[in-house]
Amino acid sequence: MSDADQQQPATGGAGPGRDLQVTILGAGPAGLAAGHYLASREVPLNVLELNDYVGGLCLTKEVNGFKFDLGGHRWFTKNKELHEWFLKLMEGELVTVQRTSRIYFDGKYYEYPISIKNVLTNAGLFTSIYAVLSYCRAAARDLISGKEPVNLREAFVSQFGEKLFDMFFRRYTEKVWGCPCEEISSDWVSQRSKGLSILTTIKDAIIKSRDIVSLVDEFVYPRDGYQRICEVMAKDIESGSGTVQLSSPVKRIVYNGPHDFTLTYHTPDGDREQHATDVISTIPATHLVRMMEPKCPQAVTDAANSLRFRDLITATVMLKKEQVTPDTWLYVHDEDLLFARLHEPKNWSAAMVPGPEYTSVVCECFCSRDDDLWQLSDDQIKERVVADLADKLDFIDRSEVLDVCIIRTLFAYPVYDLDYHAKVTEIYGFVSQHEGLHLVGRGGTFRYNNADHSVEMGQ
């Protein structure tokens, strides 16, 4: 699916003489960016947030002086105007981070993005030659057949060949999504690593050029954690023409006609109603359509019920240790390790730890709400993660562990199964019938955005 196919259809607008009253569902980066833009233009608005904090998936937690995100989010954009806005918004709060990412595969470490020299050193000459030949075979097959990749396996093999796919993509991807690569749409690859292939890898070894946005060598980051972006936007909204209401989940959205909505939402003091000319929704589209009245057709309900999100458990291990790894991210492929990715917040900003003698490691365990991993107790997850870090990876000594914080997050990643495009199109079609209803953000559009993409979408 192309970017154009993924865009939420614009419905209505601020027509001549129409007084706007905007309600935004969700105080994550997309919702707050939309609100920030509107508040700067003195448009009355209210942001309704389910949680008792702003930021959504960009939460920065603080425990005993340790700060950590729910899996590091970096800021990088090629949109000059957006970047200038961001620098002004976060003036005085940013640090520059040099990206150092590696893959842990079968007891060895490989650079990411993949380096031919590094593969040659670690895997050996025979494996490297085999990798190039398997790519040539895949390229020839694609040229003859003329077929576009349908699933994730076909897309990765087309970019890298069978050997490198099996070494660097299959295990990790199946660990993240919890299903075979053959069951995931190729759209995910085209969105996340468009332009990356074994040919660009070889070219980059000769002429340093990194045009893949997701693989930048340097990015900026808020000194005290990514949630600060959302906190600053929320403060600006409330200093302007808007309000941000926490612990206020929406329960019902009644469409009375074009640009005429009545919303019912819950607060600690009871249910309340609110009128809006426009509703900007960042909540999972699968939830939104079920709240609508008049009710959506059965086909839309069926589409919403069958779309899946991947959930996340983050285990943050706080340590009396100066550093665990030099990495910005470490991608962990081995199936016997509970987590699939880890990052060390101190490597992003020294302010993320209480002192120079401390560090922490955030381990991301991808799962689904009903699977065996999710059913583990917090204590069981703590034990497994510490054992993996100490006994299998030899990263830490158990005596260095000060505490472990477990956070469970639902609806973290939209799952691009082979039929998701048709299901999302069904939902978009229903939404487009409601003038003044707009979808933005990762959950709202069912699109695997980076946080900076969500901010741009909200604006």
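Colleague: What volume does the second largest cavity have?
Modeller: About 30 Å³. Keep in mind that this is a predicted model.
Colleague: How many cavities of 30 Å³ or more turn up in the whole structure?
Modeller: Two.
Colleague: Back to the second largest cavity. Which helix gives the most to its lining?
Modeller: α15, with three residues. Both α15 (420-431) and α16 (441-445) supply at least two. The lining includes Val424, Ile427, Tyr428 and Phe446.
Colleague: And by class, what is that lining made of?
Modeller: Seven nonpolar residues and two polar ones, with no charged residues.
Colleague: On to the rings. How many aromatic pairs are there?
Modeller: The search finds 27. Take Tyr172 and Tyr331: they pair edge-to-face, 5.4 Å centre to centre, with 85 degrees between the planes.
Colleague: What does the pair tie together?
Modeller: Tyr172 is in helix α7 and Tyr331 in strand β16, so the pair ties together parts 159 residues apart in sequence.
Colleague: Are Tyr172 and Tyr331 buried or exposed?
Modeller: Tyr172 is buried, and Tyr331 is too. Phe219 and Trp329 also form a pair, a tilted one, at 6.0 Å and 35 degrees. That pair links strand β8 to strand β16, 110 residues apart. Phe219 and Trp329 are both buried.
Colleague: Which residues do ring pairs link into a cluster?
Modeller: Trp177, Trp188, Phe366, Tyr413 and Tyr448.
Colleague: Last one, charges. Which ring does the charged end of Arg41 sit over?
Modeller: The ring of Tyr37, 3.6 Å from its centre. Likewise, the charged end of Arg408 sits over the Trp374 ring, 5.3 Å from its centre.

Key: Residues are numbered from 1 along each chain as its sequence is written. This is a predicted model: local features need pLDDT of at least 70, side-chain atom pairs count only at pLDDT 80 or more; totals for chains, interfaces and linings use all residues. Side-chain values use heavy atoms; hydrogens and water are left out. On a 1 Å grid over the protein atoms alone, a cavity is a set of points where a 1.4 Å probe fits but cannot get out, and a pocket is an open set with protein on both sides within 12 Å along at least five of seven lines; lining residues have an atom within 4 Å of a point. Grid points are joined across faces, edges and corners, and a volume is the space filled by probe spheres set on the points. Helices (H or I, at least four residues) and strands (E, at least two) are DSSP runs, numbered from the N terminus. Ala, Val, Leu, Ile, Met, Phe, Trp, Tyr, Cys and Pro count as nonpolar, Asp, Glu, Lys and Arg as charged, and the others, Gly among them, as polar. Rings of Phe, Tyr and Trp (its six-membered ring) pair if their centres lie within 6.5 Å; planes under 30 degrees apart count as stacked, over 60 as edge-to-face and the rest as tilted. Buried means under 20% relative accessible area, exposed over 50%, partly exposed in between (1.4 Å probe, protein chains only). A charge sits over a ring if NZ of Lys or CZ of Arg is within 6 Å of the ring centre and within 35 degrees of the ring normal.
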